[in-house]
There are 4 protein chains.
Amino acid sequence: MKIKAGIIGGAGYTGGETLRLLLNHPQVEVAFVQSRSQAGKPATTTHHDLIGETDLIYSADFNQPVDVLFLCLSHGESKKLLSEHSFAANTRIIDLGNDFRMGDKAGERKFVYGLPEFQRDKIKQAKNIANPGCFATTIQLGLLPLAQAGLLTEVHTTGITGSTGAGQKLQDTTHFTWRANNISAYKTLTHQHLSEINQTLKELQLAFGGEVNFVPWRGDFTRGIFVTSVVTSALSLDELTKLYKDYYASHPFTHVSDEPVNLKQVVNTNKCLIHLEKIGNKLAVHSITDNLLKGASGQAIQNMNLMLGFDEIEGLRLKGSVF
Amino acid sequence: MKIKAGIIGGAGYTGGETLRLLLNHPQVEVAFVQSRSQAGKPATTTHHDLIGETDLIYSADFNQPVDVLFLCLSHGESKKLLSEHSFAANTRIIDLGNDFRMGDKAGERKFVYGLPEFQRDKIKQAKNIANPGCFATTIQLGLLPLAQAGLLTEVHTTGITGSTGAGQKLQDTTHFTWRANNISAYKTLTHQHLSEINQTLKELQLAFGGEVNFVPWRGDFTRGIFVTSVVTSALSLDELTKLYKDYYASHPFTHVSDEPVNLKQVVNTNKCLIHLEKIGNKLAVHSITDNLLKGASGQAIQNMNLMLGFDEIEGLRLKGSVF
Amino acid sequence: MKIKAGIIGGAGYTGGETLRLLLNHPQVEVAFVQSRSQAGKPATTTHHDLIGETDLIYSADFNQPVDVLFLCLSHGESKKLLSEHSFAANTRIIDLGNDFRMGDKAGERKFVYGLPEFQRDKIKQAKNIANPGCFATTIQLGLLPLAQAGLLTEVHTTGITGSTGAGQKLQDTTHFTWRANNISAYKTLTHQHLSEINQTLKELQLAFGGEVNFVPWRGDFTRGIFVTSVVTSALSLDELTKLYKDYYASHPFTHVSDEPVNLKQVVNTNKCLIHLEKIGNKLAVHSITDNLLKGASGQAIQNMNLMLGFDEIEGLRLKGSVF
Amino acid sequence: MKIKAGIIGGAGYTGGETLRLLLNHPQVEVAFVQSRSQAGKPATTTHHDLIGETDLIYSADFNQPVDVLFLCLSHGESKKLLSEHSFAANTRIIDLGNDFRMGDKAGERKFVYGLPEFQRDKIKQAKNIANPGCFATTIQLGLLPLAQAGLLTEVHTTGITGSTGAGQKLQDTTHFTWRANNISAYKTLTHQHLSEINQTLKELQLAFGGEVNFVPWRGDFTRGIFVTSVVTSALSLDELTKLYKDYYASHPFTHVSDEPVNLKQVVNTNKCLIHLEKIGNKLAVHSITDNLLKGASGQAIQNMNLMLGFDEIEGLRLKGSVF
């Protein structure tokens, strides 16, 4: 028997992506997709690609019982929602926003930070998940093995993100005429994901000073994040490669590539690929994800799978777009 | 028990796309992927996105028995291959090239033109399939209902294709510096797909004079085909819409959209979307596909499903890339 | 001594492009750049690329005397402006909108349709110019020689335009996430430029029935228009080539290319390139322009040059961006 | 009277860009454009955008006397050429390759490193110029004021470049299908431009240890370089801004922007824009150029202007493409 899932905030990018994944998930039935702005309209009104795949109508409310609830809301709105509405105690909640990533509770609900490569066992036992940010996921996956080994030094990271990271709201920096063939920087050294990154790194390596110097760039593409982090390391490339491969050996979506990586290897998949280079005493770690999948909705499904005891990759064998 | 499939010419774009689909097809086991140029190397050498998904090694030969064989070769090479090698009589062959689309035989093997929306029943009975061309598929799907109703007049079609249509060979027109943000025309009114288009249209409408004036353009994107065909019609938009919706009612991948369509609705899916507009006595039919899927490998899998009695959409519930 | 120019509506795309051209025009001094929304702010506030080139401040008014006035306003606003304000009789006005292209007057001011390849001599004598639309320019330049020779038959045209054609207003179809790698159709067979196109063609060829079937597409690039028009013709390619080359021999910006053309040959220039192909009894005419230059501001400067007796190409020797 | 210029290696990207600039330079006549591969063919054969602008034919040789000679050759070929051919002593030579940037001589010819913002006076006296690399220019312009003030500390730089930086040769990383919407890293921490960067920085700040950690990325656009460099600094943002503005006050192409910068502000211009941000004790310097202009051919013309006593910006008042 299939479990029942609900999506709140289904008309946005992560809501749509979560819906696409759930529609093809063999263990899940979508009970409702809620959207305040689109209530009463077909889901295909906003997600035009779903024509022929679903007749779901956006609902205004969301109080029918479900086994798992995905919150795909703007930052701040999840906390507000959970303070105003209560859901059955056995309903698992996965919040794709950033309201609960730093350990905040919603009443009795305690949220576990949902990065499986960091704490899969805790996620399996969790009732509520704070799904990590997209940059936070990509950067952490590039640094976890070092932190666990206590080898992390000051980090210099540059990351570039696709336009879907900025959501579907119309704004100057997502105007096609401006963004096409353009590159720009934003939130230099102050990106909000630094908090959750440092929280994880310090948990693994108590003495880590939290010096992640992160320069985010806006890219002229729609999907994906490419990150390069540079740290100082005394280990050889072979030692580092072994460290990373051992760390990720049991994780189905994160792979260490011996060959250089390029962003489109992971676009439209739930994968993270990592490539290491050692030059002198510097280690460069390249890590890539699809910001809407491993960086958002895909990881949310992965967390659902873990919480509900499904195969971790169920519903996530995605054909990449590759080109 | 799974059936066994083999791919010949697995290192190219359609070979790779066929492999990606077969790896996730629940009824199929990939017995071999052959590549002359890559024999002995992992499939991930050329299809970098498959890291973590398969350990397949390109084979040099292909003589182990399979239930279905996909030929993903350059034009002319399928005919050559079948003249030099023989395969078990019960091995179904699906040729993705253009060698057998006009009724040519390979020895005893007779090829059925594999456009399910045109002749699904024949395909179900077929042993050998000539998979249609990408432009041919997209243009035909926009015209089939008219031809079947005997309503086709002279057609003026413009179509634009992504760069994957030109294959992975390096050439001036696929140099990034040239093609980015560029548009150009090629094979004006002489595209090789006109033969198979006219063959189908004349079979449906005997009196059709074959006047499909087709202007192909190269687009500055990688995946997809957008086509607009203009014909003269005395029918109203309502009548035409009914004609099209009736025609495609039983076909799972081709849908008539009441709303205007945009190319990314179908990218990384096996769908074709159609939108009709009537202005004065002119009917404009917009039709869109992903050239590598409904225009090549996806349709090949669809044909395999039909021939082998699987659900037509098995292995083709693909998450579109959408953005 | 330099002449004085003013721009009304300087903060938009065509206003900015006109400003860029005038700043480098050796015969012109920019007296003012007016913008209602940006009054008091530097022109570099909206045209960020002009940093280091100009200290101009947007003005709220525009009543200082100038020799030539460029109206870069939304459609309908030029007519409104000229009904509310009067300008010195010897001030030449060039309207880049579509308010006066069909022969409308503004009080005593009669507007001449500003397509130099159609009626350069009339432009030289004009006091007021209605600058043609971008699609209108590109399509007409592909058809003028045929019309002048009385050879025009029913025309089937498809054209694709960059996003700058849609202006700088934020809208769904200019959202980067939507438009990147996407193609869509709009205003099928009903584009507003058809009126001015037919007006010109009928003036040249009285008997022309006005059957220009024009399918406009939105492209996933920012600058440029690529058009292919198909007509029936009994002439040979050589005869047609001679007809076109003779027609354009004295025109410095429009060239007939013996080689196939690609859009980037003209991007960031004031050129129009034309390429002819003859297949059977069909003639295909490919014509390309930069929609903001030959299709708007560049042609406006060209018209200014003609009216004021400057060299037609003054200020328009632009380095194309090419790549 | 105009001076005479020759181009050797005119068929490539920098050769073409140099030609485009010289054709519009009011003080220069192009005496010849040499190309071994294209000798005898019109320059428009390879530079299609120049149709209507020039009738120049590629020459096989280059021994007619010129005032200035531009070498637009692959790395290593300039040295070879100058060892095999001799040019008149009063012919100034500007080498756009990397053969002479580290102080090498060609016979009696001594080459001055042609970064005007670093040593304009030396360039004015020079007979031979080694034109800087594109990344080298962009990174140095972001660091020169710090180095001159002796304030440079270890530098962490990430830079992204357009595809024209890779030249016009067909290769896997410039295939459109691969590069579109893709990001990748190359030559991590080992880029060949580090030598010339460190040479300059050490000349300005003797004690600088040469620790520029540079991560280059390939971008999915054709023109431009965006660089962010992070250093430690005790100065305030105001102090740093003053330092940079003072340094560049007399330089016509390099500007310090108080607002964040985006790549397209400089595309198709000879400008470099710089934006500073201070967070804690870290200074982030963003610097942007067009790799083919300020990063190659534009700077070459700027150097020619300086050597020959022309206005530094002559022929370089370029209309940016902006969009």
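# Notebook: chains A to D

I began with strand 2 (residues 28–34) of chain B: 6 of its 7 residues are buried, so the strand is largely enclosed by the rest of the structure. I call a residue buried if 20 or more other C-beta atoms lie within 10 Å of its own, exposed if 12 or fewer, and partly exposed in between, with C-beta atoms placed from the backbone. Helices (H or I, at least four residues) and strands (E, at least two) are DSSP runs, numbered from the N terminus.

The model is predicted, and local features need pLDDT of at least 70, side-chain atom pairs count only at pLDDT 80 or more, while totals for chains, interfaces and linings use all residues. Residues are numbered from 1 along each chain as its sequence is written, and chains are lettered from A and ligands numbered from 1 in the order in which they are written.

**Chain B, strands 1 and 2.** I looked up the partner of strand 2 of chain B. Strand 1 (residues 3–8) of chain B runs parallel to strand 2 of chain B, and 6 bridges join them. I count two strands as paired if DSSP finds at least two bridges between them. In this pair, B:Lys4 stands opposite B:Glu29.

**Chain A, overall.** I noted 8 helices and 15 strands in chain A. The C-alpha trace of chain A spans about 60 × 45 × 35 Å along its principal axes. A compact globule of 323 residues would have a radius of gyration near 20 Å, and the 19 Å of chain A agrees with that. The radius is taken over C-alpha atoms, and the globule rule is 2.2 Å times the number of residues to the power 0.38. Of the 323 residues in chain A, 62% are buried. I also checked the contacts of chain A with a separation of 6 or more: 70% of them are between residues 24 or more positions apart. A contact here means two C-beta atoms, placed from the backbone, within 7 Å.

**Chain A, seven-strand sheet.** I traced an open sheet of 7 strands in chain A, in the order 10-11-9-12-15-14-13, with mixed pairing. Strand 10 (184–185) and strand 13 (254–256) of chain A are at the edges with a single partner strand each, so one side of each has no neighbour in the sheet. Strand 12 (residues 225–232) and strand 15 (residues 282–289) of chain A run antiparallel and are joined by 8 bridges. Within that pair, A:Ser229 has A:Val285 as its bridge partner.

**A:Trp217.** This residue is in strand 11 (residues 212–218) of chain A. A:Trp217 counts as buried, with 23 C-beta neighbours inside 10 Å. Leaving out residues up to four places away in sequence, A:Trp217 touches A:Thr158, A:Gly159, A:Ile160, A:Ile183, A:Ser184 and A:Ala185. As a distance check I took A:His85, which is 132 residues from A:Trp217 in sequence and 37 Å away in space, C-alpha to C-alpha.

**Chains A and D.** I counted 30 residues of chain A in contact with 30 residues of chain D. On the chain A side, the elements that give two or more residues are strand 9 (155–161), strand 10, strand 11, strand 12, strand 14 (272–279) and strand 15. The residues of that side divide into 13 nonpolar, 13 polar and 4 charged. Ala, Val, Leu, Ile, Met, Phe, Trp, Tyr, Cys and Pro count as nonpolar, Asp, Glu, Lys and Arg as charged, and the others, Gly among them, as polar. Chain A superposes on chain D by a rotation of 180° with 0.0 Å of shift along its axis (RMSD 0.0 Å). The two copies are thus related as by a two-fold rotation axis.

**Chains A and B.** For this pair I found 24 residues of chain B in contact with 24 residues of chain A. The chain B side divides into 6 nonpolar, 12 polar and 6 charged residues.

**Chain D, six-strand sheet.** I followed 6 strands of chain D in an open sheet with parallel pairing, in the order 2-1-3-4-8-7. Strand 2 (28–34) and strand 7 (112–113) of chain D are its edges, each with a single partner strand, so one side of each is left without a neighbour in the sheet. Strand 7 pairs with strand 8 (residues 128–130) of chain D over 2 bridges, in the parallel sense. There D:Tyr113 stands opposite D:Ala130.

Terms used: Least-squares fit on C-alpha atoms with pLDDT ≥ 70 in both.
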